[in-house]
Structure formats: structure tokens, C-alpha cells
Amino acid sequence: MYGIFMESLVIFKLYTGLRFLIVLFALSWIYLLFAEKDKKRRLLFVAAPPLILLAFLFPVSRKIFVAAGLDGQTYYRILWTVPMGLITAYGMCRAFEAHRRIGLVICALLVILCGSFVYKSGYIQKAENPYHIPDTVIRICDLIAPGEEEGHVMVVVPEELVYFVRQYNARIRMPYGREMIEGQWDYYNEVHEAMEETEIIDLEKLLEATRKEYCQYIVINPTRKVKGDAKELGLQLLADIEGYRIYRDPVAAAEVESWQQYYGEDQD
């Protein structure tokens, strides 16, 4: 039980970012504990958060969570029900309201001192376009995107492009997605194995797998080494975009076109 408690405590610390934001939340909660008189708001902002946190840290809660068939890796999502940001903002606004000058100064200083400049984060990059995805992905998708009267196309892309392709064009489908990239899911996919799980991509083996999934297009990462001659295997090089080689597989394309014409555009 103690081990489960410590594990949950570590999850909570990681969830708070191990920084000062939890301090702002705590100070706001303490202020509302004494200043907030409205019963409904006290229930939401004052009473509920500590009860949820106690339940989260209580080892039996996690045992029940897992016993219910839920993934233990997602146990942290219980913390989403604690409106930390809302409580912090509301508590500070109440401080502004009650103490116009000193409240504003103190809260502003706390935000500045406890926060960090968000644009220094390694996860923040300047947007290249209104879609907020790399220009390279847009150029690749525009090249292989189906026409207005066509159904959809299937393409296999390197892992770093998977998230962006599905955001940009829903008519461009892939044999695997996030479930193959994230480490917590132990799934198997023949195309992913041939594309990502070998040091050198064996084009013949990759083609064998992609044709089972009717992939009309294959995109190869610029840094990956390839075994086999694409032209001899029947692949057509459509373009080289920022080092990404985009191939069309006429065999898979002909197969898809034939059953789309027979069954209709919307059939998979």
C-alpha cells in the first residue's frame, strides 16, 4: 500500500510540473477557504479539490481503478477533475476585488516570479503556416491528396509525420497511427515493423506489407538507409521534398482504384 501511495505522490508531483504553479494554486485555495462565502462556489473551489486529491493518493482508489478494467497508466487523469487553473485565476480575481492595489501587486509578482517565459520552451516553435504543422507535411499531403471525386488514399509515412498528416487531411489514411508510436501500447503492425523497426529499410519486405494494406504511397525519411532498388520493384518516385522521398506504388493504386469503382468511393 505504501508503494502505491508513493507512486501516486510521484505522479502528482510530475503533474504539477515540479515548479511553483502548485504554490499559486495552494495560495488561491487558502484565500478562497476564508474569503469565499457562496455555497456553490465553495463546494466547487474549496471542498472538492482536497477530497479529489485525497482520493487520488489513497492506495485503494488506484486498486479499484485498475480492477475496473481501466489502464493504470492513465490514472493521472483523475487529476484533471481538479480545476487548478480555474481556482488560481478565480482566487486571484477575488483578491483583486477585495484589495484593489496590494492584491493586484502581490498576485502579479507571484505570477511573474513563479512562472516562466513560455516561448523559451523546447516544445514551442514558430508556426510555419496557419495550420501550425510543418510546411513539408503540407507539400507531401498536397502531392498525394485524392481529387474531389475520388475516395481516399492510403500512405505510410515516417513516425515523425504521422501526427501531422491526420490533422491536415482526413482523406489521407495511414495503416497505423499514434497507437504504434506511443510506448505504452504493445501493438504489432507488419507495416510499422518493416518501416520503423529495422536499421535499414528492406523495400521488398516493406512493399509486401504495404500492399496488404493497399498503400498507394510510401514516404521515406531522408536519414534512413534503404535496401533494394525502388524502380526495379515497380515504385515510381514522385518527388523529393526536403529530403523525403515520395513513392507511388502502381500495383496497390490499381487494386484500390478497381475496388473503389466496383464498390463505390466511400468503401474501405
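Q: What covers the buried residues of helix 8?
A: In this predicted model, the cover of the buried residues of helix 8 includes helix 7 (135-144), strand 2 (172-173), helix 9 (178-181), strand 4 (217-220) and strand 7 (244-248).

Q: Which residues of helix 8 are buried?
A: Helix 8 spans residues 159-168, and its buried residues are Leu161, Val162 and Val165. They cover an arc of only 120 degrees around the axis, which puts them on the same side of helix 8. The general idea is that an α-helix has 3.6 residues a turn, so residues three or four places apart point the same way.

Q: Which residues are buried in helix 4?
A: Helix 4 (residues 59-67) has Pro59, Arg62 and Phe65 buried. Viewed down the axis of helix 4, the buried residues fall within an arc of 120 degrees, so they line one face of the helix. The cover of these buried residues includes helix 1 (2-15) and helix 3.

Q: Which exposed residues does the face of helix 4 turned away from its buried side carry?
A: That face carries the exposed residues Ile64 and Ala67. Beyond the helix, glycine 69 follows helix 4 and has a positive phi, near 95 degrees.

Q: Which residues other than glycine have a positive phi?
A: Histidine 132 is one of them, with phi near 60 degrees. Histidine 132 lies in the loop between helix 6 and helix 7, and at 61% relative accessibility it counts as exposed. Glutamate 242 is another residue other than glycine with a positive phi, near 55 degrees. Glutamate 242 belongs to the loop between strand 6 (236-241) and strand 7, and is exposed, with a relative accessible area of 56%.

Q: How many disulfides does a search of the whole structure find?
A: The test is one of distance: a pair of cysteine sulfur atoms must lie within 2.5 Å to count as a disulfide. A search of the whole structure finds 0 disulfides. Cysteine 93 is in no disulfide, and its nearest cysteine sulfur, that of cysteine 107, is 8.5 Å away. Cysteine 107 is likewise in no disulfide.

Q: Is cysteine 107 buried or exposed?
A: Cysteine 107 is buried, with a relative accessible area of 8%, whereas cysteine 93 is partly exposed at 46%.

Q: Which residues form a nonpolar patch on the surface?
A: Such a patch joins nonpolar side chains that lie within 5 Å, from residues with over 30% relative accessible area. Here Ile102, Val105, Ile106, Leu109, Ile112 and Leu113 form a nonpolar patch, with about 600 Å² of accessible area together. Leucine 109 has its place in helix 6 (residues 100-114) and is partly exposed, with a relative accessible area of 44%.

How values were computed: Residues numbered from 1 in each chain as written. Predicted model: local features only at pLDDT ≥ 70, side-chain atom pairs only at ≥ 80, totals over all residues. Heavy atoms only, no water. Buried < 20%, exposed > 50% of the residue type's maximum accessible area, 1.4 Å probe, protein only. Helix = DSSP H or I, 4+ residues; strand = E, 2+ residues; numbered from the N terminus. Arc of directions from axis to C-beta. Contact = heavy atoms within 4.5 Å. Patch = residues over 30% accessible without salt bridge, like charges linked within 9 Å, V, L, I, M, F, W, Y side chains within 5 Å. Areas by Shrake-Rupley, 256 points an atom, 1.4 Å probe, with all protein chains shown as cover. Salt bridge = Lys/Arg side-chain N within 4 Å of Asp/Glu carboxyl O.
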